[in-house]
Amino acid sequence: MREGSLEAPTRHPIDWENPDFYDEAKLEAELTRVFDICHGCRRCFNLCDSFPILFDLIDESPTGEIDGLDPHKDYKPVVDACTLCDMCFMTKCPYVPPHEWALDVPHLMLRARAVEHRKGETRLADAELAKTDRNGKLATFVSPLANWATDADNALTRTLMEKTVGIDREAWLPPFADTPLDRRDDLDRIAADAAAPAAGRKAALYATCFANWNMPGPGEAAVKVLKANGVETRIVYPGCCGMPKLENGDLAAVAEQARSVAAAFAPLIDEGFDIVAVTPSCALMLKFEWPLILPDDPLVKALAGATFDITEYVVDIAKKEGLAPGMQPLGGDIAIHLPCHSRAQNMGQKGAEMLRLIPEAKVGVVERCSGHGGKWGMFKANFATALKIGKPAGRAMLKTNAAFMVSECPLAGPHLKQVMEREGGEGVPQQVPHPIELIAKAYGL
Ligand code: SF4
Ligand code: SF4
């Protein structure tokens, strides 16, 4: 919900196929117009690093105004610091459409990245990390070796990675699974409980690259919880949603992913399956970003309409059919971190609502940016800033003294753990899993 408005902001399609979108003079003029409005407003001073960089540059310039900046030199660090979290657009800005100023800072930053991408200026490491399916296929094949090499305790390989590709040696990197989630026959074999309240529902669980190749925990828990509630559930993974490529401004590649994933889900949607994503950034892509990139594609539109975040889906079952009995109290308070890409889905605090369905659960909510920003926070150039941005969220989590700490974002959770470890003291959890894993635990699954 935005400050000062009860309405969700309107978002215009991204005009990425128009040559003007890549015209550098036009982009510079638009950045100047928008940055000048932000300079006059400054509401977003504490959301991320982009705005403080911009405001400091203006304040230290000869004129103290936007005309004191050198666009060729000064705009890039502002764009580079944006993690595309969407929070300025979704929660703060009073000048978003339909306001005549029509500000959409995240999509303007995206346009600036798209121009860089077209000029061949995307960092090699960013381009390679964005190939999540290729990386996942290779690394799951040799997962013990890959996990040995990427472990933060491996000083040898991590120093080498830092020196060669710029990934900070201390940043947590996700491990690779031995078996991809979509090849887990053991999960396929679990039968949906035909006597449970949601029997009759059908869900295609969009594994997402993270749960498929890296950490299957949330996907595994989701399958078990849905089947225990009677939902006929299939794990489906036609490919990555393209969020890491979006971060690189590679809009043509994102469009290609969108077309192919939407085509793979279309027959399931026709058969009455709901599409349930286990990672919020991916749900955001399917629901909101893809339809803005391909506004005339009927399959993308149908997929957007059929997609739920897993937390939203469990709450929907609870409201409409009621959840299957059997959850037991966990025996401790819960703190949930709601990441930016859950908030950007405009669905309310569904993760917290879902956890309150656990008997006797006392749930504290932390709604601040973790600072990770996808692959952005892994880089040496950004890691210290990512920790700094995540500090208020980490401190708020520690302050809850909760026995269980969870985050809906699989990258934000471990990053917040790193933030909390640096804060020191008692109460740093062993893990910060996804909230659906606590629901599975409450069911004893
Ligand atoms: S999208 Fe997020 S990171 Fe980018 S400018 Fe807005 S608040 Fe900052
Ligand atoms: S994005 Fe909107 S709310 Fe934020 S600083 Fe700019 S004008 Fe103000």
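## Basis of the description

Helices (H or I, at least four residues) and strands (E, at least two) are DSSP runs, numbered from the N terminus. The model is predicted, and local features need pLDDT of at least 70, side-chain atom pairs count only at pLDDT 80 or more, while totals for chains, interfaces and linings use all residues. Residues are numbered from 1 along each chain as its sequence is written, chains are lettered from A and ligands numbered from 1 in the order in which they are written, and side-chain values use heavy atoms, with hydrogens and water left out.

## Domains and annotated spans

The domain assignment of the protein chain gives domain 1 (19-118), domain 2 (124-165), domain 3 (181-319) and domain 4 (326-442); such bounds come from an automatic or database domain assignment. Between the C-alpha centres of domain 2 and domain 4 there are 25 Å.

An unreviewed UniProt entry lists residues 204-287 and 334-410 under "domain: Cysteine-rich". UniProt positions are given in the numbering used here, feature names are shortened, and annotations may be inferred rather than shown by experiment. Residues 204-287 are 62% helix and 14% strand, with their end C-alpha atoms 15 Å apart. Residues 334-410 are 40% helix and 16% strand, and their end C-alpha atoms lie 17 Å apart.

## Aromatic pairs

A pair of aromatic rings is described by the distance of the centres and the angle of the planes. Rings of Phe, Tyr and Trp (its six-membered ring) pair if their centres lie within 6.5 Å; planes under 30 degrees apart count as stacked, over 60 as edge-to-face and the rest as tilted. By this rule the count is eight aromatic pairs. One of them is stacked, because the rings of tyrosine 206 and tyrosine 237 have centres 6.1 Å apart and planes at 20°. This pair links distant parts of the chain, 31 residues apart: tyrosine 206 is in strand β1 (residues 202-206), and tyrosine 237 is in the loop between β2 (232-236) and α13 (243-247). Both tyrosine 206 and tyrosine 237 are buried, where buried means under 20% relative accessible area, exposed over 50% and partly exposed in between (1.4 Å probe, protein chains only).

Tyrosine 237 also pairs with tryptophan 213, in an edge-to-face arrangement with 6.1 Å centre to centre and 85° between the planes. Here too distant parts of the chain are linked, since tryptophan 213 is in helix α11 (residues 208-214) and tyrosine 237, 24 residues apart from it, is in the loop between β2 and α13. Tryptophan 213 is buried, as is tyrosine 237. Tyr206, Trp213, Tyr237 and Phe265 form one aromatic cluster.

## Charges over rings

A charge sits over a ring if NZ of Lys or CZ of Arg is within 6 Å of the ring centre and within 35 degrees of the ring normal. Arginine 11 lies over the face of phenylalanine 89, at 4.1 Å from the ring centre. For arginine 201, the charged end sits over the ring of tyrosine 313, 5.0 Å from its centre.

Lysine 375 is placed in the loop between β6 (363-366) and α20 (380-400). With 7% relative accessibility, lysine 375 counts as buried. A polar atom of the lysine 375 side chain lies 3.5 Å from the backbone oxygen of proline 244. Apart from neighbours within four places in sequence, lysine 375 is in contact with Asp126, Leu129, Ala130, Pro244, Glu247 and Asn248; contact means heavy atoms within 4.5 Å.

Alanine 344 is in the loop between α18 (340-343) and α19 (350-355), and counts as buried at 4% relative accessibility. Alanine 344 and phenylalanine 89 are 255 residues apart in sequence, yet 8.9 Å apart in space, C-alpha to C-alpha. Leaving aside neighbours within four places in sequence, the contacts of alanine 344 include Cys85, Asp86 and Met87. Asparagine 382 lies in helix α20 and is buried, with a relative accessible area of 12%. Under the same exclusion of neighbours within four places in sequence, asparagine 382 is in contact with Trp376 and Gly377.

## Backbone details

Proline 97 and proline 98 are joined by a cis peptide bond, with omega about 15°. Proline 98 is in the loop between α4 (87-92) and α5 (105-118).

Aspartate 86 is not a glycine, although its phi is positive, at about 80°. Aspartate 86 is found in the loop between α3 (71-80) and α4 and is buried, with a relative accessible area of 4%. Threonine 208, also not a glycine, has a positive phi of about 65°. Threonine 208 has its place in helix α11, and is buried with a relative accessible area of 0%.

Definitions and conventions. A polar contact is a pair of N or O atoms within 3.5 Å; within protein, one must be able to donate a hydrogen and the other to accept it, and residues adjacent in sequence count only if both atoms are side-chain atoms.
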